Amino acid sequence: MLIRPWRTGDETLACAAVPYLSVTSLSNRFLAGTGGRLPAAYVRHIAAGSRPTWDAYVAEGDGHLIGWAEFGRVNATSPEADLAVIVADPWHRQGIASAMIRALLPRCFATGDEPRGCATRRLGGVTRLGADILPGNTAAYGLLRSLFGDHLHGEFSDGVVRYEVSVADLGLYAANRAGRAAALAAI
């Protein structure tokens, strides 16, 4: 299995993965019934690829997407972003979601002092990361808890639990690059 950044054309692979995504997995990801498919507006959204408001990492095996983790913000300058992940059912509980999120976080949290030309320079700068989870989705809660520990804060509202974590709480604003890299590696 390969964990890699989102590439042009991955939306086609994501649609091809739908037969391996249960109605429950799709409902947990989109917080509503989807009719057993990826919503058309969502497919158009991910087809646009990486940009300052959205980025993703995928797990690929034998030319098929096993899952993807993504972060998105309302606008390009917002320091807040939402995190979402989906893994095809046959590969649940194998650490794939954790691996994709760990690969994605450095791109999400990168700061403006990243070297010119660095891929994370235009994507990062997120200071608060959130995730909306249906109350019964204990697997997603466990995943977030394993990644963020005591820094994770949740609140129930409008039928979902909104979890948030502050980058400052994670100690990612170390005074030097080595400190930030070590903090990211510890996640």
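Reader: Which backbone oxygen does the side chain of Thr34 reach, and at what distance?
Author: The model is predicted, so local features need pLDDT of at least 70 and side-chain atom pairs pLDDT 80 or more, while totals for chains, interfaces and linings use all residues. Residues are numbered from 1 along each chain as its sequence is written, and side-chain values use heavy atoms, with hydrogens and water left out. A polar contact is a pair of N or O atoms within 3.5 Å; within protein, one must be able to donate a hydrogen and the other to accept it, and residues adjacent in sequence count only if both atoms are side-chain atoms. The side chain of Thr34 meets the backbone oxygen of Arg37, at 2.9 Å.

Reader: Is Thr34 buried or exposed?
Author: Thr34 sits in the loop between α2 and α3 (helices, H or I, have at least four residues and strands, E, at least two, as DSSP runs numbered from the N terminus). Leaving out residues up to four places away in sequence, Thr34 touches Leu26 and Pro39 (contact means heavy atoms within 4.5 Å). Buried means under 20% relative accessible area, exposed over 50%, and partly exposed in between, with a 1.4 Å probe and protein chains only. Because its relative accessibility is 13%, Thr34 counts as buried.

Reader: Which residues is Phe148 in contact with, beyond four places in sequence?
Author: Phe148 also lines the largest cavity, together with residues including Leu83 and Tyr163. Its contacts, sequence neighbours within four places aside, are Leu105, Leu129, Val165 and Leu170.

Reader: How much space lies in the largest pocket?
Author: On a 1 Å grid over the protein atoms alone, a cavity is a set of points where a 1.4 Å probe fits but cannot get out, and a pocket is an open set with protein on both sides within 12 Å along at least five of seven lines; lining residues have an atom within 4 Å of a point. Grid points are joined across faces, edges and corners, and a volume is the space filled by probe spheres set on the points. β4 gives the most to the lining of the largest pocket, with 6 residues. The space in this pocket is about 900 Å³.
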